[in-house]
Amino acid sequence: KKISALGYDAVEFLITNPAAIHVEELKRLLERYNVKVSGFRTGLVYLKGGLRFSDPDAVMRARAVQRVKEIAKLAAEFDAQVLVGLMQGNLGKGEDVQRAKVWIKESLRECARFAADHGVTISLEPVNRFELGYHNTVAEVMEFLGEVNQDGVKVRMLLDTFHMNIEDPSIPAGIVAARELLGHVHFADSNRYAPGCGHINFFEIVKVLKALGYDGYITVEVLPVPDLYGAAKLSIEYLKTVLLYAEVRVGGSIL
Ligand code: LER
Ligand code: MN
């Protein structure tokens, strides 16, 4: 109700166990407040549930794949994406990153095929080095997806301004480089606070997204500062100004 009143079009959920979700009840609430679901984030499946695509144990990897398939089935109910980043998992001592990337590729391909059969897209997020030990930059993830996206499989990219600010030489240039694969966007400022509370130039970023014709969601993914509601309010108020500015400028200058 609050999200809707603030003017957001959608919500995005962090999910651990899809079986615990009351689908019909959630649909009823979303319809009542005219809010869609932009995606289901999977990071907690790893952080809380200990499941990762890079697990050397094949049984554990299969469990990770199974869980993401269940999340994809849930996402299909809400016409939402499945968002993968941290679920790739950090590597234990002695684990080889190249070997891990092969397991991640296989896991992701299996999940993406299943998701596509249910009409669902999976987007993979470059995550900064302090949270994940590899697949940090746009270039690295694009190269990896070049291998994943064979034989009809299409995993897209989720670009998060917080991670890009740490890892990529330029946020706008990174967005342009990933344009063919761009599936979803996360906005947070340089300090993970609401857009407008740090030093990322969202005016420039929104102009680039508009110029590329990006028509997906932009999800605000920020720390609850000063609190949950306050962060949601600060974010949308600031972004409305940014979007208005882009509206005025786009026709005349950058297209
Ligand atoms: C997930 O989308 C993400 O960006 C992570 O940094 C959250 O821990
Ligand atoms: Mn993110």
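The model is predicted. Four protein side chains hold the manganese ion (ligand 2): Glu125, Asp160, His186 and Glu221.

**The manganese ion**
- The protein donors, Glu125 (OE), Asp160 (OD), His186 (ND1) and Glu221 (OE), sit 2.1 to 2.2 Å from the manganese ion (ligand 2).
- Six donor atoms surround the ion, and because their angles run from 70 to 177 degrees, the arrangement is octahedral.
- For six octahedral donors, the ideal angles are 90 or 180 degrees.

**Where the donors come from**
- Along the chain, the donors of the manganese ion are spaced as E-x34-D-x25-H-x34-E.
- Glu125 belongs to the loop between β4 (122-124) and α6 (138-148), while His186 is part of strand β6 (residues 182-187), so this pair ties together parts 61 residues apart in sequence.
- Glu125 is buried, at a relative accessible area of 9%, and His186 is buried too, at 1%.

**The surroundings of ligand 1**
- Polar side-chain atoms of His163 and of Glu221 each lie 2.7 Å from an oxygen atom of ligand 1.
- In the side chain of Arg192, an N or O atom is 2.8 Å from an oxygen atom of ligand 1.
- On its own, ligand 1 has 260 Å² of accessible area, and the protein covers 82% of that.

Conventions:
Residues are numbered from 1 along each chain as its sequence is written. Chains are lettered from A and ligands numbered from 1 in the order in which they are written. This is a predicted model: local features need pLDDT of at least 70, side-chain atom pairs count only at pLDDT 80 or more; totals for chains, interfaces and linings use all residues. Side-chain values use heavy atoms; hydrogens and water are left out. Donors are N, O and S atoms within 2.8 Å of the metal (3.2 Å for Na, K and Ca); water is not among the atoms, so sites may look incomplete. Four donors count as tetrahedral if all angles lie between 85 and 135 degrees; four count as square planar and six as octahedral if opposite donors are over 155 degrees apart and all others between 65 and 115; anything else is irregular. Helices (H or I, at least four residues) and strands (E, at least two) are DSSP runs, numbered from the N terminus. Buried means under 20% relative accessible area, exposed over 50%, partly exposed in between (1.4 Å probe, protein chains only). A polar contact is a pair of N or O atoms within 3.5 Å; within protein, one must be able to donate a hydrogen and the other to accept it, and residues adjacent in sequence count only if both atoms are side-chain atoms. Accessible areas come from the Shrake-Rupley method with a 1.4 Å probe; for residues, only the protein chains shown count as cover.
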